[in-house]
Amino acid sequence: VGFQNSGPREVIPEALQRTKTTPITGGANISYDITDEFTVYAAYGHSFRAPTTGVSLPQGITADLVRTNSEKTDSFELGVKGKILDGRLNYSVAGFYQKFDGYIRRFEGIYWRSAADPSGQGFFGFNYNGDAEVKGIEGSLDGRVSDNWDIGLSASYAKARYKSARLPCNDFAGTGTPNQTGAPKITGSGNVSYCASSGRISETPDFGFNANTEIRFPAGGITPYVAAVFSYRPGFFSDTVQYDYQDRALLNTFVGVRDADDRWSFTLFARNLLNQKKITNISLGNAAINSILAAAGGGAYNSGYRTVNVMNPREFGATVGFNF
């Protein structure tokens, strides 16, 4: 039996092969020093991101899956910053609001099917637009408490949500929400399923906290020190993968000694000292083999397990550094 290779085919419609945009971007900010140690400020910015076109796309899909629309953003920020303890500590507090007209995001592992060719089906990643907004507040405190003690603290709350966006999804059960229940199929008449979303625009919680500190003990020509870096993120529910992520606390510690002129250093470290074993990413459905074959009436093996990424385990080690 002979086989003839017809060569590559152009899957990008001619009307989408060229993009021309003439955006206007810019911003403005104003600040006022009420005192030498206290400043208030306000800022506005308008930005633009050009449409993106997919690479190695499936053939026979609609234009909205081939190329996105442009993304426009208006952002506003109002804040204060200053110094305390004779300038040893710096602080800042700011509130912000950002409006996205057509936020561009990548959606991986989306089941697609060609309307023209029944055998054309599979899983692919698509870029897609959705209106969204972000509202939040952030603050920081950093500086030198004493000559040999530095600290840094920062916290933020940012509620980033879609605004009734229509987004590509896997909806095998036809519920209107992301799921991979049963054999792969399309809900609706498109090449992919679409779900209405007012959920998160990224797989992150609204709140975050970070802290770091270093204490030094100068002794002649050397400086022993102890340092730590801590970050915390609370648990949250992901609409994208229908999963409740647990909270995560990551603590890295360091004990070392360095030359007074920073010409050399020796450090012992412990990463993930609390030995947290939390899931950082998880698939929407169970890992399966020949799931496309199942959609055509064949058999498939369902592992019964979802694929995950997890935090790195607790790690101990040492580093040596020289500066020439």
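This is a predicted model: local features need pLDDT of at least 70, side-chain atom pairs count only at pLDDT 80 or more; totals for chains, interfaces and linings use all residues.

**The largest pocket**

Next I asked which residues lie nearest the centre of the largest pocket. They are G109, N170, Q180, L284 and G285, out of 45 lining residues.

I then looked up where the lining comes from. At least two residues each are supplied by β4 (89–113), β7 (165–169), β8 (193–197), β11 (236–238), β15 (279–289), α2 (291–295) and β16 (301–310). The largest share belongs to β15, with eight residues.

I traced an open sheet of eleven strands, paired antiparallel, in the order β1-β2-β3-β4-β5-β6-β9-β10-β13-β14-β17. Which strands stand at its edges? I found β1 (26–35) and β17 (315–322) there; each has a single partner strand, so one side of each is left without a neighbour in the sheet. From one strand to the next, the twist averages 15 degrees.

I followed β17 to its antiparallel partner β14 (residues 264–271) and found eight bridges joining the two. One residue I checked was L268, whose bridge partner in β17 is A318.

**Rings and charges**

I looked up aromatic pairs and found eleven in the structure. Y44, F76 and Y97 make up one aromatic cluster.

Two arginines also went into my notes. R166 has its charged end over the ring of Y194, 3.7 Å from the ring's centre. R258 lies over the face of Y225, with 4.3 Å to the ring centre.

Conventions
Residues are numbered from 1 along each chain as its sequence is written. Side-chain values use heavy atoms; hydrogens and water are left out. On a 1 Å grid over the protein atoms alone, a cavity is a set of points where a 1.4 Å probe fits but cannot get out, and a pocket is an open set with protein on both sides within 12 Å along at least five of seven lines; lining residues have an atom within 4 Å of a point. Helices (H or I, at least four residues) and strands (E, at least two) are DSSP runs, numbered from the N terminus. Rings of Phe, Tyr and Trp (its six-membered ring) pair if their centres lie within 6.5 Å; planes under 30 degrees apart count as stacked, over 60 as edge-to-face and the rest as tilted. A charge sits over a ring if NZ of Lys or CZ of Arg is within 6 Å of the ring centre and within 35 degrees of the ring normal. Two strands pair if DSSP finds at least two bridges between them. Axes are lines fitted to C-alpha atoms, for helices over the stretch in contact, and angles run from 0 to 180 degrees between N-to-C directions.
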